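Here is a briefing on one structure. Look at the sequence and the model first, then read the points below.

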Amino acid sequence: MMMLRIARNELRYMLKSPQTIVSFAIFFLLTFFAMSSDNVRIGAGGNVLVNSPFALTQTLLIINVFAIFSIPAFMANALLKDVDHKFDGILFSTPISKTDYLFGRFFGSFIALVLALSGAPLGSLLGTFWPGVDPETLAPTNLGHYFAIYFTLVVPSILAIASIIYAVAVMSRSIMYSYLAVMGLLILYLVGFRLLNGPEYREVTALLDPFMMRTLGEYTRYWTAIERNTTLLGYDGIILMNRLIWFGIAAGFVALSYGLFSFRTAAKMPKEKKNKTAIADSAHKETIPTGIRGTAIWSFGTAYQQFLLRTRFEVMSVLKSLPFLIVVGFSVFITFTALFNRNVGYGLDAYPVTRLMIQAIEGGLGLALIVVIIFYSADIIWRERTTKFSEIIDAMPAPNWVFVVSKLIALAFVLVTILVLGIVMAIAVQLAGGYDSFEISLYLQRGLMHLSMPFVMMAVLACFVQVLVKNRFIGMMIMVVYLISTIILNQFGFEHPLYLFAEGLDTPLSDMNGSGRFIEGDGWVRAYWAAFSVLLLLFTYLLWSRGTLQPLKFRLRNLRELKQLSLALPAAVALIALVGTGWYIFYNTNVLNSYVTADDRELQSVAYEQKYRQYENLPMPRTISVNIDVDIYPYKRRVETRSTQVLENKTDQAIATVHILFPDNLDIPLLELEGAKQASHDKDYNYYIFDLDTPMVPGEKRTLKFETIIQQQGFQHAGNDVTLVRNGTFINNSDITPYIGFFPGGMLADRNTRRKHGLDPLPRTPKLEEANQYGNNYIRQDSDFITFETTVSTVAGQTVISPGYLEKEWIEGDRRYFTYKMDAPILNFYSYLSAEYEVVQDEFEGINIEVFHHAPHTYNVERMIGAVKDSLAYFNKAFSPYQHKQVRILEFPSYRTFAQAFPNTIPYSEGIGFIADITDESKIDLPYYVTAHEMAHQWWAHQVMSANTQGGTMLVETLAQYGALLVMEQKYGKDQIRKFLKYELDRYLSARGGDPEGELPLYRVENQQYIHYRKGAVIMYALKDYVGEDVVNRSLQRLIKLRAYKSAPYAISSDLVEILKEEAGPENTGLIEDFFEKITLFDVKMKDSTVEEMADGRFKVSLDVEVAKVYADKEGRETKADFDIPVDIGLFLKSPAADGYGADDVLMLEKRRITGAKSTIEIIVDKKPTFAGIDPYNKLVDRNSNDNLAAVEEAEKVLASNE
Amino acid sequence: MLSIKNLTHTYPNGVQALKNINLDIPKGMFGLLGPNGAGKSSLMRTIATLQQPSEGSIMFGDTNVLTEPDVIRRTLGYLPQDFGVYPRGSAYDLLDHLAVLKGITNSKERKQVVEGLLVQTNLFEVRKKKLATFSGGMRQRFGIAQALIGNPQLIIVDEPTAGLDPEERNRFHNLLSEIGEDVVVILSTHIVSDVEDLCPNMAILAGGEIISQGTPADLMAEIEGRIWKKVIEKDQLEAHKAGYNVISNHLTIGRVAVRVNAEGNPGDGFEATAADLEDVYFSAINTSRKNGADASADTAVAA
């Protein structure tokens, strides 16, 4: 059969072509490394195993997206190679039928494509056998899963896309249009999903995603670990719909192209402009003298002119090529996407500050530029050889450097063009966003210079490699291997910048602190690699092959040219620079600082545990009072601390030895413990043991005096300090003061890492029942509430703030001093922030409010002050009086993005609320929410502290969320809360499956953020709704009375649960248990709703509802339970999800008890409702919260349609 | 002028492309004859600084071609056997481009050079056309034009007349002979008449070795009186090849004319004939083939 024979020939041809081998190799390697490396985890992590069906599906579908770049090389090539090789004339005159030809070629190349992409499942299969893979993270190998995923999910997607590309190739006869089709698909994919980003579009995007990434995401959104580990994606629901849509589109394209294809239209003659000036031409021709051959002039000027000519030629060659336009189009698109993606949470974007714009360019273009380098280095270096013009060009008397440098410049030009375009777009985005303080110098420095340099160096490397190898594909493969090595070398403990080509140091950017000192160490590393690149360039020049490609052995002879001064001099200078900067970097990273890799740090933690864990349960005295002087030198990178603290033996035993542990980067010039002498000092860990002359009897107090010095020097290879910086220092007491006794936080925590080192797992948190922990708080176990006084100084231009009231402020020399004193007991948890601040002041009922901020960050300061006032007003009444007379919000650089509540001070990162853009008032007010949350911590943490047991963070974080919800609801109304809680519920449900040790009920939360923040907010709001706000608040007031400022014992979560049960009455006991003591999932659904007008003009509404409740265990195994709580039933004039929905639109909303899984409810109302809902405000934890509402239909119509 | 000494080139796979070549090439046209795969292009490329030999030396005047390629390129005009062109750019643009690379920095002068050459190679009318759309012959003429830029003292043309129609070939021959007297022109070809028409000196290369060199007249004189011809039936050819030193045969109206090289009249119907350059060529390569068991190497060189 003809078609079969054509297909077989095509397949044989394709299997021998480089694209098959290269694609196979790349996809094999990518997935192999993804599987075998501990650091790359696609879809896996926690309880989800790396080769689970879910993780495999995710891995292979991502590869799908990459594979789209290979598709034209197969599908378009299958058709167009005849035209390219001028074989079409012969071929199309043979008696092959159109069907045989088109489909034969299609199937042949498609099978080759499928074989090439099978590198992905093979790589992911073999990757699991790599010896380094932790067997605990592996499921038993199931070949069926690989087959099923590859052939049911990947191959069909590829088939659909390949058909479209093939159809485009058939219609256009152009490989470029095929690539444009690829670009178009990608752009549609990315832009579409960028625009349809909200949760409400999830279903649409899942249906339309050709790569099925979103489909997978949506289908498995709330899957638990158990489901992810065992379940293969089925061909139903949205997956089936998605497949049908894409096969339909593909079939349409194929039909269209089949219809349009004809053998006869194949050859096109290039159009030539008619030469109108032919006559004038021939006249001119007669006058031309023919004997002149020219006189060559050999000077540097000539070489320079040649250089300019070649550079212009190379640059224009790139500029005029269609691939370049595609690359630029692609980059423009990626950059725009990145520039608009400034999400700071809850659907809110940040203002387009220049820092974010630069980060977006960097993040968006990084990979694209590397691809450009790999592709264009091959293209540019091999240009003459590919066009077979090399013998003529190479025999020309232009020096090698002219060719090498002009080609490199062309490559650099491509890179810089893309970056400049990125900057122009960034400025356009800023203009469009009404942001008008353009920091052009920052753009040039960080966006252009700093960003382009490593890529230019990589371009040098790529050119060098291409000159060295015999074949451009080999060169490209070497660069791909290099690219992969940059990703994985770190994981194998190779971290030193001296051997990681072109990699600088981390240079985080901050509005407050600019590039800080980070840029300086980085500058040395860059200088080092620049010197190396110059040498590479020299070698590229020397090994440059003219004419016949010579074996390297021959070309090495050219190195004798190094004897010439003109080469020897730059080589020597570069070598000296390389050695000099290399030595300086080594001196900084390995002499001034110690070179400690991540692996080393693990080993240190293991050694620490083995050496000192024996002392874990020794009785230790506790800090009860702190008097501390701190001198901060932000420019000299020094912090001097002098402190006198009082320790008290709060145990009931005599204490004979005291262990004192300082951070290991501190110098400790003085350490004295009253009535004790130092028995040992372990310099590796700064671990001191003191023997007491006479033991401390219970209740005895002793004075501890110490001085510590932080003196940073030079720079480190990684982890350069972000706490002590020029403008925006933020250190806390754990950086400068000791821990009394064995510090458990110094041990490795991650289960898998511990297993690797032969250590038993550590419990995340002690069990709720462990009464011996009730006297320890969860923040630090070596102290309780303390008295606090501090004198702190900084440079004259800055203000330094710590908890406490300002007692005194003075200037001495060029330094400013502040004395702060606390009037109420505080936890042993305080911080110092020093920066050049602007201050906005306000006042609320005698409480002083101050926001210390970076001068330009004025956007949301008033919102924060508003949140402080509202919080004070509300919490003072609802909980208890505020314990301080002051609230201060302090901005710090975005090296860290959080806000944190210290006593009467709230450090707040510039990266979140300060630059959030809330121009659209319908959006969630993030700065308001965060401020209210941190304000609530003044009660929930700083008044009532919880014990170091399970559920500890529920009393702190969940109650802070509750506080924030109270003030937000008051300010913005129920509708905003509904929006906010939808995010919270979604984040809770999405995170369940990824928990490394499994989910726990709220009251046993083990510092799991998705539980104590996300689920906590949902539960507390529902609780308030079910039992009443006054009941909850009364319970909280009782908790405060019971446990505020108490350390023996601290509060535990069951204290609150018990109080709640008492206050809410026995009818709510089950509800409270469901909310707090169990992992409870509800599923309610408005199945059908009809309305009928009655004779008296009122309306009878009939609702079919379904309800279910399940309890889940750690891994998500579910058991059914009776749905025994009342649930909101509501009738509305407008959908509660619609814009502009308000209280007037509620016809009826009340809680009803539903009996039976399916029931029908009849309600009579005065007005005709349009929407009906069960739990319409999504108060319950419901995995499918979109089916709670339904439009109400006329009863007659329903009957009619039934007939 | 151009002196090649002990030039040997061995490819990494062990194939010997050039074996101990010694040549002294004076000013004027020099013909290098040889069958396909004889190593002609290897030798040309080596002289044109595009390939480093394993051993040996090449001097052009006082310049060492192998160690000072940059110097030699300044006086070099090279037309490779097979070349392509950049996909963009007209004949004029590209010739101008190459003129800059040849060191013609004065733009006025360059214009004259480029236009003059375009006229001489009969490309003037199509100078604004994209070079990539040129036919093989037009492209070859472009190749010739570029090789002549800048008064080269050493011109190497590798199979220059391939693809040219008779008229263009004549035009090319005229062009070459005009300049051929003051400079060294090495013409590599397998077309004997090219050499016959143009070259005062020549050499024959086969199997990587120079098997014969001298003036065409001397070489013909050497075999004068040894060439015998006969017209036979096709089926007699094998027997004749076995029986006589057949150097060439060609079809002539359904029969075969064979020529043999022999000391005396072989009899059997052979008759004496005047030796021409073709006989010189075929005699030389025939002898070489018989001597060398290197036939395999020959074909490999062509790669």
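A residue is buried if 20 or more other C-beta atoms lie within 10 Å of its own, exposed if 12 or fewer, and partly exposed in between, with C-beta atoms placed from the backbone. By that rule N286(B) counts as partly exposed, because it has 18 C-beta neighbours inside 10 Å. This is a predicted model: local features need pLDDT of at least 70, side-chain atom pairs count only at pLDDT 80 or more, and totals for chains, interfaces and linings use all residues. Residues are numbered from 1 along each chain as its sequence is written, while chains are lettered from A and ligands numbered from 1 in the order in which they are written.

**N286 in chain B**

- N286(B) is found in helix α10 (residues 277-291) of chain B. Helices (H or I, at least four residues) and strands (E, at least two) are DSSP runs, numbered from the N terminus.
- N286(B) and N245(B) are 41 residues apart in sequence, yet their C-alpha atoms are 8.6 Å apart in space.

**Where the chains touch**

- In chain A, 39 residues are in contact with 46 residues of chain B. Contact requires that the C-beta atoms of two residues, placed from the backbone, lie within 7 Å.
- Three helices of chain A, α14 (278-286), α15 (300-319) and α19 (390-394), each supply at least two residues of the side that touches chain B.
- The largest share of that side, six residues, comes from α15(A).
- By class, the side of chain A that touches chain B has 18 nonpolar, 11 polar and 10 charged residues. Here Ala, Val, Leu, Ile, Met, Phe, Trp, Tyr, Cys and Pro count as nonpolar, Asp, Glu, Lys and Arg as charged, and the others, Gly among them, as polar.

**Helix packing in chain A**

- α15(A) packs against helix α20 (residues 400-432) of chain A at an angle of about 40 degrees, with their axes 8 Å apart. Axes are lines fitted to C-alpha atoms, for helices over the stretch in contact, and angles run from 0 to 180 degrees between N-to-C directions.
- The contact of α15(A) with α20(A) has 11 nonpolar, three polar and three charged residues.
- Helix α2 (residues 18-36) and helix α7 (residues 119-127) of chain A pack at about 35 degrees, with axes 7 Å apart.
- The contact of α2(A) with α7(A) has 12 nonpolar, seven polar and no charged residues.

**Nonpolar cores**

- The largest nonpolar core has 326 residues, and I373(A) and A459(A) touch the most other members. Such a core is a set of buried Ala, Val, Leu, Ile, Met, Phe, Trp, Tyr and Cys residues joined through C-beta atoms within 7 Å.
- Helix α31 (residues 952-992) of chain A gives the most to this core, with 17 residues.
- Beyond its neighbours within four places in sequence, I373(A) is in contact with L411(A), F455(A), M458(A), A459(A) and A462(A).
- Another core lies apart from the largest one, with 72 residues, including M35(A) and A112(A).

**A sheet in chain A**

- Four strands form an open sheet in the order β7-β8-β5-β11 (chain A), with antiparallel pairing. Two strands pair if DSSP finds at least two bridges between them.
- β7 (676-682) and β11 (739-740) of chain A stand at the edges with a single partner strand each, so one side of each has no neighbour in the sheet.
- β7(A) pairs with strand β8 (residues 687-696) of chain A over six bridges. Q678(A) has F690(A) as its bridge partner in β8(A).
- β7(A) and β8(A) form a hairpin with four residues between them, and N686(A) in the turn has a positive phi of about 55 degrees.
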